[in-house]
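I opened my notebook and started looking around this structure. Here is what I looked up, entry by entry.

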Amino acid sequence: MIITKIFYFILIIISILFYFLYIGDLSLYLMIFIISLPVLLGIIILIAKFKIKFDISAASPTSVKNEKCKFTLSIKNKTIFPFSNSLIKIEYKNKLSGIKNYMDIYVPIHPLTEEKLNFYLSSDYCGILNIKIQSVKIYDFIKLFSCKIKPNINTDIYILPNIDFDNISHISKVLNDDNNDIYSKIKSGDDPSEIFELKSYIPGDKINRIHWNLSFKRNKFITKYYSQPVNSSIIVVLDLIKINSIYSIDTAIELFYNISAQMIKNQITFEICYFNPQSQEIEFINISDIDTLIEITILLMNNFIVDYNYSIINDIGKACINKSELFFITNKYENNYNIIKLFDNNYSTEKSLIFVSDTFSKSKFKYLENLTIAEIPAGKFNENIEKILNDKG
Amino acid sequence: MKHNTNTYNGIRIIDCMNLSVPKSVKFFNIIPLMLIAFLGIWGTVFSYISMFNININTNSIKFYSIFFFIIFSILFTLPKKFKILLFPILLFYIFLLYKKWTYFIAGFKIVFNQTYTSIHPEKKEYFKIQTINNKNDAELFIAFTVFILVFLICYITLVHPNFFIGFLGTFPFIECGLYFGKIPDMLPILMLLIYWTCLITIQYSGYYQYSGKKTSGFLRKNNIFFAKPEIKFRTAGISGLLIVIICCIIFSFIKIISDFSGYSRSDKINQVRSNIKNAASEFSFEDLGTSLERFSASLGIGNSKIYNHKLGNLNSVSFSETTDLIIETNLKIHDNVYLKGYTGTEYQNNKWIDFSNSLYQSYNDMFSNFYKNETFPQDMLTDYYISKYPTDLVDMKIKSKYNNEKYNYIPYISIPNGEITYINDTITKLENFKEYSFKVSTDQFNENNFYEMINDNNYNSNYSFKQYTDFVYENYCSIPDTNDMKYLYEKFIVNSDILNENIYQKLNSIKKILSDNAEYSLSPGKTPNSEDFVYYFLTQNHKGYCVHFATSGVILARMAGIPARYAEGYVLLSDDFNEENFTEKNTYKVDIKDSRAHAWAEIYIDNLGWVPYEFTPSAAAAFENNTNTTHSITQSTTSTSETIITSVSSTPSKTDLSENTHLSSSEEQKLTPNETSSNEVNNNQEVYSAVTFSSLVKIILFTSVIMIIVFILIKHFVIVNKRNDMLTHLNNRKKSLIAYDYIIKLLEFKGITNSNMQYIDFALYAQQETENIFDADEFLSATHIALKAKWSMEPIEDEEANYILELSLRTAKKIYSNLSIFKKIYMKLLKNLI
């Protein structure tokens, strides 16, 4: 561009010299033309700066890891001027890692049209995929001038873990609380206080399960199936810290999401505990379906990027009373005292500390021998998820 | 340590990008490009025809242009498979050319002749032609040429837009006319201008007919996506069309404004043009300083005078009528006043120079007496005149406009005010050169008092002046001892009675010799380097202006035994003291223009001093008295009524080139002739020769080359110094990383690049590819050190840093030593790698 400007400046000098040396009218026309052309081009560029609008949108607000996410960049040119070589600089990043990358697209902008540029991204990690039109540079017809437009428009897609919900395995250990009034809707049990369902007698059913009254009325044997009370006093906590490596954050989210999905699939209702930066308190939400889990995961990811200096561990301790189980998933190593304080108490709650780390360092836990600790290296949660859930108790 | 410009953040861009725009018909998109191609064709062909007034049937040329244009434009816009039709067309063209070859050549000759005679009207023709059907042959030739031109223009506009090829293909048609000052019709030349502008636009749009698979979409390089050329088809066409519209608006606007305002080229611009032309034609590398000064003066840069006493190095002289001096007096002066600035004492190698210091030193006693008695040769004449003739003295102030003025212009018969310094017997130096004053006699020289003076035997001057007279006769009668001078002496002095005459008669005879052997001209041409100035003037060229006459007069006077010397300065005319110049302060304020610069001779009259004498003839052939002349003075100094100055106009005429004032040799030139007539323009086209452009081109090329070389050297020096500085003064970690980067650059220079390999893999690959550069695992070790420097928290030891540093320097040397000389220069100066 600078070279073009230098050449054009030299051309102006030559045209002025030509005007002095050449007697015909051509020299006047040429000189005025060469001097006035940049002025007109500059005006065109200025008009374009205010008349070309940009927008970016995502096809869907959520996606899963390693799946194509479609983005549409819309360029609306209200002027009659085309721009053959505009440069659109797009910044994309995972908000959880903060590492920005850039993409440059040289695209022509047609006049009096709205054109759409579709492109696709995929993410290897969970998080919030943020796409921003950082700047758009438009050149005039002879690339003498350019103008930079900064639309400052961005859009987000939430990247969730990729779980095949149909293939989630059954959790062998049922985490029960006899005082619970919530019963499984899909599975029968042994709690006579609640009838799960009534069916015709099948040879082999227990005699004491026959519903005699109904049997007389129906003139056939009807068997009562009792309900299975489900455990709702499980807390799952996701407590993440911003560190350079996206691996541990991604693994922790995967763990959290998987554990939660497995429990939902197995009709185990549980609570998620998280810190709400707006209210500055920890909050609990019951999770019983995937949609809520997705919402909570998105909420947790959003909260993660809020920079707060709050130790969730202190309040968790109080919340653990009367809970049967605690899954504490974290990627940060608190100091010994806080960990012990949380986990080394008289509560009957079964506590599991699931620590996601980039590098394994056994020495960190030498003072925490009274806890069930699972240390999961980043990226390797699949092998351990079953172990976490099924080796309990 | 650079691996990628972006650190990987887990997000991948899928190789699938598409642009959707509203549908448009391709045919309508091609029309702007076709229009642009047509502009180029029409503009080129008819610019040429109109410039040289080619005598042909233009309707048939129009037909051929349109016909070929339709064929090629359609052919080039059809899909690729139809382009095969080009071959039969071209074959047919070649076949037809072969068949009509004789007529083609005849047509070429006819067109060439017409072009040639248009440029050189005085000449008849270049080729002798004897054909019957001249016009048809010319049309045939042009038709064949138009065919090729249309093919070229259509291809580089519709298929693969390229401005440089388009410009190179069309500009020569125009340049050959512009070079000789031919003026084409406005419409075709403007069409051509529009075409060139559109071609740049289309080229910059990035469009070309993609010869690969017909796919739209984007090309990817790392994280950069480029829209494929075919996507830009529509924008290219519309951009071109908009440029056409913009150009038409601008040109129409210029036309309206110029017609409305009655614009015509101002004389000042023509003067500048002439200045530049003259300065360029006088340009010589031997006299580079003066040439550049002359150039800058012609462009109006700076306010400097050019001092050069070299004789005969100008083709012509002209005036820009700028004010050189401003003179203010309180009374009228009755006669012309010669204001002397420079005195030339010795004629040597076509130049007037001063006597050497050693000569003056040998007369030291005499000059010491002058200082002792406070009487100087410079004042001899004034002392005599004032003592002899009763005269009034007027106050005269002189102001010079030049910043680099180095002379005081001293009138004869005057008494300077202020502090005076006398240098030898030639220079009277006042306090400053810019502003000074005198008391000047109102009576200056005329014919009567000159005759009286040379016959005055009764005046007894100072004794020391008697000594001075001896000095004068010993030194101011000498001429160079050359064959040319001997010839002149034989021809004009020996073979005449001049030596038997008295001084008065001798001077008249010399005047006659000069007027018989030369005529006055402001455009005498340069004296060839091998020729003596006076000899060439009197025996070969026979043309010159005041410098020629004054110099020749001095030489002939010396040959005749009359001490004489050369003087330069300005002339103030008695007619300048008029009402127009009379100010409110009751003074006369006269602007002395550059056209008043003059050269004359000084004759020594015994015991009286140096007297100005005019050898320049009055009725020179080149002079034409202007009817608008307001100041016309003739004043004779001899009984034959020769004039000092014939007619002088202080305002230049519009039709008369030749000013009657006399210009000194080559100095004090603010040059612009008053040539506004079209005849003058045509004549000047011959002066506007290849010399002008080639000198300009030489200067520009030479300067550009020097600047480029200097830039490269400076850049090399800065980069290498910076790198060495970083490699020696930074900490080990940074040192290691910089050294590693340096090695990577060296490997890239060798053609080994890292295309997305891991560092260790690349190290192994590079070692394998460059067996003669790295020993064993040198580069692998260096890579480990660099990785450690980049990622590890552990410190880098001095040994490690030095190892990688030494490896980088050793690698550079090894690569450098195996290169050819040109590659070495490339590596060193352009890539700055060593």
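**Entry: a charge over a ring.** I began with B:Arg565, which lies over the face of B:Trp610 at 4.0 Å from the ring centre. I am working from a predicted model, so I keep that in mind for every entry.

Entry: Chain A has 393 residues, and 53% of them count as buried. Its secondary structure comes to eight helices and 18 strands. I also looked up its contacts with a separation of 6 or more: residues 24 or more positions apart account for 69% of them.

Chain B has 834 residues, with buried ones making up 52%. I noted 26 helices and 20 strands there. Taking contacts in chain B between residues at least 6 apart in sequence, I found that 75% join residues at least 24 apart.

**Entry: an open sheet in chain B.** In which order do the five strands of this open sheet come? I read β10-β6-β17-β19-β20, all in chain B, with antiparallel pairing. The edge strands are β10 (410-411) and β20 (609-613) of chain B, and each of these pairs on one side only.

I then looked at strand β17 of chain B, residues 564-572, and strand β19 of chain B, residues 597-605: seven bridges join these antiparallel strands. Across that pairing, B:Tyr566 stands opposite B:Ala601 in β19(B). Helix α19 of chain B, residues 546-559, packs on the sheet and touches β17 and β19 of chain B. The direction of helix α19 makes about 150° with that of β17(B).

**Entry: strand β14 of chain B.** How many of the seven residues of this strand are buried? I found five, so I wrote down that β14 of chain B (residues 435-441) is mostly covered.

I looked up two partners for β14(B). Strand β9 of chain B, residues 393-400, runs antiparallel to β14(B) and is joined to it by seven bridges. In this pairing B:Ile398 stands opposite B:Tyr436. Strand β11 of chain B, residues 414-416, also pairs with β14(B) in the antiparallel sense, over three bridges. Here B:Pro416 stands opposite B:Phe438.

B:Glu435 is found in strand β14 of chain B. Is B:Glu435 buried or partly exposed? Partly exposed, because its relative accessibility is 46%. Leaving aside neighbours within four places in sequence, B:Glu435 is in contact with B:Ile398 and B:Lys399. I also checked B:Glu435 against B:Ser400: they are 35 residues apart in sequence, but 6.4 Å apart in space, C-alpha to C-alpha.

**Entry: aromatic pairs.** I counted these over all chains and the total comes to 71. One of them is the tilted pair of B:Trp42 and B:Phe46, with 4.6 Å centre to centre and 35° between the planes. Why are these two about one helical turn apart? Because B:Trp42 and B:Phe46 are four residues apart in helix α1 (residues 26-52) of chain B. Both B:Trp42 and B:Phe46 are buried.

I compared that with B:Phe112 and B:Tyr126, an edge-to-face pair with 5.2 Å centre to centre and 65° between the planes. This pair links distant parts of the chain: B:Phe112 is in helix α4 (residues 101-119) of chain B, while B:Tyr126 is in the loop between α4 and α5 (134-159) of chain B, 14 residues apart. B:Phe112 has a relative accessible area of 31%, so I marked B:Phe112 as partly exposed.

**Entry: nonpolar cores.** Which residues touch the most other members of the largest nonpolar core? I listed A:Ile88, A:Ile105, A:Phe119 and B:Phe218, out of 120 residues in that core. Helix α1(B) gives the most to this core, with 14 residues.

Not counting residues up to four places away in sequence, A:Ile88 touches several residues, including A:Phe54, A:Leu73, A:Met103 and A:Val136. Apart from this core lies another, of 84 residues, among them B:Val394, B:Tyr412, B:Tyr535 and B:Ile562.

Methods:
Residues are numbered from 1 along each chain as its sequence is written. Chains are lettered from A and ligands numbered from 1 in the order in which they are written. This is a predicted model: local features need pLDDT of at least 70, side-chain atom pairs count only at pLDDT 80 or more; totals for chains, interfaces and linings use all residues. Side-chain values use heavy atoms; hydrogens and water are left out. Two strands pair if DSSP finds at least two bridges between them. Contact means heavy atoms within 4.5 Å. Axes are lines fitted to C-alpha atoms, for helices over the stretch in contact, and angles run from 0 to 180 degrees between N-to-C directions. Rings of Phe, Tyr and Trp (its six-membered ring) pair if their centres lie within 6.5 Å; planes under 30 degrees apart count as stacked, over 60 as edge-to-face and the rest as tilted. Buried means under 20% relative accessible area, exposed over 50%, partly exposed in between (1.4 Å probe, protein chains only). A charge sits over a ring if NZ of Lys or CZ of Arg is within 6 Å of the ring centre and within 35 degrees of the ring normal. A nonpolar core is a set of buried Ala, Val, Leu, Ile, Met, Phe, Trp, Tyr and Cys residues joined through side-chain atoms within 4.5 Å.
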